[in-house]
Amino acid sequence: MPFPNEDEVRHISDLKVLADGTVLVSSASDPNMDDGPFSSAVYNAGRLAVDGAHHAVLRLRKTDELTPLRRFTKQDDRKIEAIAFPRDGRAIWGTDDENHGGWVRFDRVTP
């Protein structure tokens, strides 16, 4: 993932496959200190489909084609480790910010 790009990055801190096959991935930076600072982003990483022979086909976007659906910098101090995408068009991000507690945000994004 292009961001975060600091040391101690979890390139995939959560992954969800939506009903239409869209693959959402969160990436998070955790300096292994319980006080942060943390940063994270959520991406539409590609699509999972089934071909004519009923085999799963995963088509991932190239790194230079990825644009964050949502990005949280070190100033935001959020470490996304949970993604939910109800069918009503809302996204839900969940974080584990260690000593700063947890956080849930409802958002509107187009995957």
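**Notebook: salt bridges, sheet, core and loops**

I began with Asp 30, which is buried, because its relative accessible area is 6% (buried means under 20%, exposed over 50%, and partly exposed in between, with a 1.4 Å probe and protein chains only). I note that this is a predicted model, in which local features need pLDDT of at least 70 and side-chain atom pairs count only at pLDDT 80 or more, while totals for chains, interfaces and linings use all residues. Residues are numbered from 1 along each chain as its sequence is written, and side-chain values use heavy atoms, with hydrogens and water left out.

**Entry 1: salt bridges**

I asked which residue meets the side chain of Asp 30 in a salt bridge. It is Arg 10, with N and O 3.2 Å apart (a salt bridge is a side-chain nitrogen of Lys or Arg within 4 Å of a carboxyl oxygen of Asp or Glu). Arg 10 sits in strand β1 (residues 9-17) and Asp 30 in the loop between β2 and β3, so this pair ties together parts that are 20 residues apart in sequence (strands are DSSP runs of E with at least two residues, numbered from the N terminus). Arg 10 itself is partly exposed, with a relative accessible area of 32%.

For the structure as a whole I noted ten salt bridges.

Another one joins Asp 20 to Arg 47, where the closest N and O atoms are 3.8 Å apart. Since Asp 20 belongs to the loop between β1 and β2 and Arg 47 to strand β3, the pair ties together parts that are 27 residues apart in sequence. I recorded Asp 20 as partly exposed at 49%, and Arg 47 as partly exposed at 37%.

I also looked up Arg 105 and Asp 107, which form a salt bridge with their closest N and O atoms 3.9 Å apart. Arg 105 counts as partly exposed at 31% relative accessibility, whereas Asp 107 counts as buried at 8%.

**Entry 2: the sheet**

I traced an open sheet of three strands in the order β6-β7-β8, with antiparallel pairing (two strands pair if DSSP finds at least two bridges between them). Its edge strands are β6 (80-84) and β8 (102-108), each of which pairs on one side only. From one strand to the next, the twist averages 20° (axes are lines fitted to C-alpha atoms, and angles run from 0 to 180 degrees between N-to-C directions). Between β6 and β7 (residues 90-96) I noted four bridges in the antiparallel sense, and Ala 82 has Gly 94 of β7 as its bridge partner.

**Entry 3: the core**

How many residues make up the largest nonpolar core? I listed eleven: Leu 18, Leu 24, Val 42, Leu 69, Phe 72, Ile 80, Ile 83, Phe 85, Ala 91, Trp 93 and Val 109. At least two residues of this core come from each of β5 (68-72), β6 and β7. (A nonpolar core is a set of buried Ala, Val, Leu, Ile, Met, Phe, Trp, Tyr and Cys residues joined through side-chain atoms within 4.5 Å.)

**Entry 4: Asp 35 and its loop**

Asp 35 is found in the loop between β2 (22-29) and β3 (39-50), and at 49% relative accessibility this residue counts as partly exposed. Not counting residues up to four places away in sequence, Asp 35 touches Asp 77, Asn 99 and His 100. With Asn 99 the meeting is a side-chain to side-chain polar contact of 3.0 Å (a pair of N or O atoms within 3.5 Å; within protein, one must be able to donate a hydrogen and the other to accept it, and residues adjacent in sequence count only if both atoms are side-chain atoms).

**Entry 5: backbone**

Most residues other than glycine have a negative phi, and most peptide bonds are trans. I therefore noted Asn 32, whose phi is positive, near 60°, and which is exposed because its relative accessible area is 54%. Asp 77, in the loop between β5 and β6, also has a positive phi, about 60°, but is buried at 17%.

The peptide bond from Gly 36 to Pro 37 is cis, with omega near 0°, and Pro 37 is placed in the loop between β2 and β3. I found the bond from Phe 3 to Pro 4 to be cis as well, with omega near -5°; Pro 4 lies in the segment before β1.

Conventions: Contact means heavy atoms within 4.5 Å.
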